Structures are given as C-alpha cells and as structure tokens.
Amino acid sequence: MRVHPLTTWLLLSPATILLIALLLIPVATVAVMSLTDWQFGAATLNWIGLANYTELWSDPVFRKSLANTLLYLVLVTGGAVTIGLGAALLIESDTQLRGFYRTAFFMPVASTLIAMAVVWQFLLHPSAGLVNHLLQWVGLMPQDWLNNRQLALYSLAAIGVWQMSGLALVLFLAGLKSIPQDIRDAGALDGIAHPWERFRRITWPLLGPTTLFVVTVCAIRALQVFDTVHVLTRGGPNKSTEVLLHTIYAEGFSFFRMGYASAMTVVFIAGIFFLTQVQHATMERKTHYG
C-alpha cells in the first residue's frame, strides 16, 4: 500500500518540530550570540565578529580547562570501559547472583549525582573521611584528596569511573548476550578451551560494535562533567579541576559574559562532534567482520 506524501510529513512533523525547537534553534542562537559582546541582563549588544574566539586562545583559564577536560575524558573513559568489561565478564560467568550484581553496579548511574557528590565529599574528607581512615589502617599516609593540586582531578576522575562503570557494565552484558552460542561451541570444538584464549579470539572481536558504542557514550558523558566539579571543588585548587562546562557556567552566570560563554559553548559542541567522529573513524573498521 502506497503512503501519501502528506501523511508521511504529518507523521514526521512532531519530531521535526521538536528537533528544530529544542536543538537547531538553541545551537544557532548560541552561535550568533558568540559573535556579540552581550552581557547577561544587558538591553543592548554589539556585533564583534570573531573577537571572542580570538580571546579564547589567549585565555589561560580556557586552555587549562580544556587540558583538564581531555585528561578527565581519557581517565574516566578508559577506567569505566575496563572495569565495566571486567565486571560484565565476571557476572556473565556467575548465574546465581547475576541480577544482584547488575543492580548493585548500575545503582550509581541511577543515583542523583549531586547527592552522591556530597557523600563523596565526606568520604574524601582529609581528617574524618573513610578513605583516609582505610589508608591509615593499612599503614599509608592520609591525603587531602580534593585540595591537593596533584590529586584533585584524579579524585574527581575516580568518582566519574565509579559512576559510569555501571552503565558500561550493562551495555557490555547486552553485547555478551548477543554473541551466538554456536560460535562459542565451534571455538570449543576447535580447541579454544582456555578462558583467556576464548576471550581474545572470540568474545573480544565480537564485542567490537558494543565497545565502540560504550566508548562513545562514556566519552560524551565524561566531556559533560559539571556536577561533581561544582559541588566538590568549584574548579580549585588554583584551577587544577577547572573543566569546560564549569568555565562556561562561570563566564555566563558569574561574570555575565554571555557572548564569551557562547563562544566557549560553540567550541565545546565542535569538540564533542570532532571526538565522536575521530572515534568512529578509527574504530569502525575493527567492529565489523565479513
């Protein structure tokens, strides 16, 4: 049965209207605003072209926040993917407590991050925190995790890994379920009996599409880090945990430089798009077999 073109457009119109209203118009507005000097609350603005973008590359705070964001991205994505995959393999091998483990690992993903950040603030407290008490119990020196320039960003990254490992776990479990049992049985008949060999030669290659998806999702979520930074460190000490979204927030809503904050937002959006395309281009050929 042939569908009338008008019917097709009517069915597509709700999603199209939402896409334009919630995505395209805001992005276009931010792009235009980045070319002005508008300050939050001001009645007028001036067109200044690319001056905001020129200022960005000479701004040490922006460069520092960009470097911190990229380091956080690498640490959290790598840690979450590694732990999530390892936990998924362990849970898949245990049929009795699989549901319990899946729920326990996924709880950080479903929890309110701001509330959990307050909990982590107590856990990492330099004198009363549980983490330092455990370190002292095993004979190690306590640390001021959130006020030490060398440790603060790594502490936030550890919280990010804790939060995102559950998401990676659930996605890897779904990927493991999609591997046909026939392939595993054929591998056993070919003499691939050792668990490591079975993982290296069968499981890991067939998890290629899942791994690509998990890496992309975790990387995008890592780039969007804001809550833990704002609650725990506010970018300190001495900008050692300043990240892009927190810098954008500070410029726009603390210093009221909405034009400059919009330029940062455009760079941030372009960075997300670029990283996802690079990931896809470099990993795509490893994820399909034929």
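## Helix 4 against helix 7

Helix 4 passes helix 7 in a left-handed crossing, meaning that the near helix is turned anticlockwise from the far one by less than a right angle (clockwise would be right-handed). Helices here are DSSP runs of H or I with at least four residues, numbered from the N terminus. This is a predicted model, in which local features need pLDDT of at least 70 and side-chain atom pairs count only at pLDDT 80 or more, while totals for chains, interfaces and linings use all residues. Residues are numbered from 1 along each chain as its sequence is written, and side-chain values use heavy atoms, with hydrogens and water left out.

The axes of helix 4 and helix 7 (residues 152-177) lie 6 Å apart at an angle of about 140°; axes are lines fitted to C-alpha atoms over the stretch in contact, and angles run from 0 to 180 degrees between N-to-C directions. The two helices are therefore oblique to each other, the class left over once angles under 35 degrees count as roughly parallel, over 145 as roughly antiparallel and 65 to 115 as roughly perpendicular. On the helix 4 side, the contact (heavy atoms within 4.5 Å) includes Tyr101, Phe105, Phe106 and Val109, and on the helix 7 side Trp162, Leu167, Val170 and Leu173 are among the partners. The contact residues divide into 10 nonpolar, 2 polar and 3 charged, where Ala, Val, Leu, Ile, Met, Phe, Trp, Tyr, Cys and Pro count as nonpolar, Asp, Glu, Lys and Arg as charged, and the others, Gly among them, as polar.

## Helix 4 against helix 3

Now for another partner of helix 4. Helix 3 (residues 60-93) and helix 4 (residues 98-110) have axes that come within 9 Å and cross at roughly 160°, which makes helix 3 roughly antiparallel to helix 4. This crossing is left-handed. Ala87, Ile91 and Glu92 of helix 3 touch Arg98, Tyr101, Arg102 and Phe105 of helix 4, giving 4 nonpolar, no polar and 3 charged residues.

## The loop between helix 11 and helix 12

Two backbone features deserve a look here. Most residues other than glycine have a negative phi, and most peptide bonds are trans. Arg234, in the loop between helix 11 and helix 12, has a positive phi of about 55° although it is not a glycine. Pro237 lies in the loop between helix 11 (227-233) and helix 12, and the peptide bond from Gly236 to Pro237 is cis, with omega near -5°.
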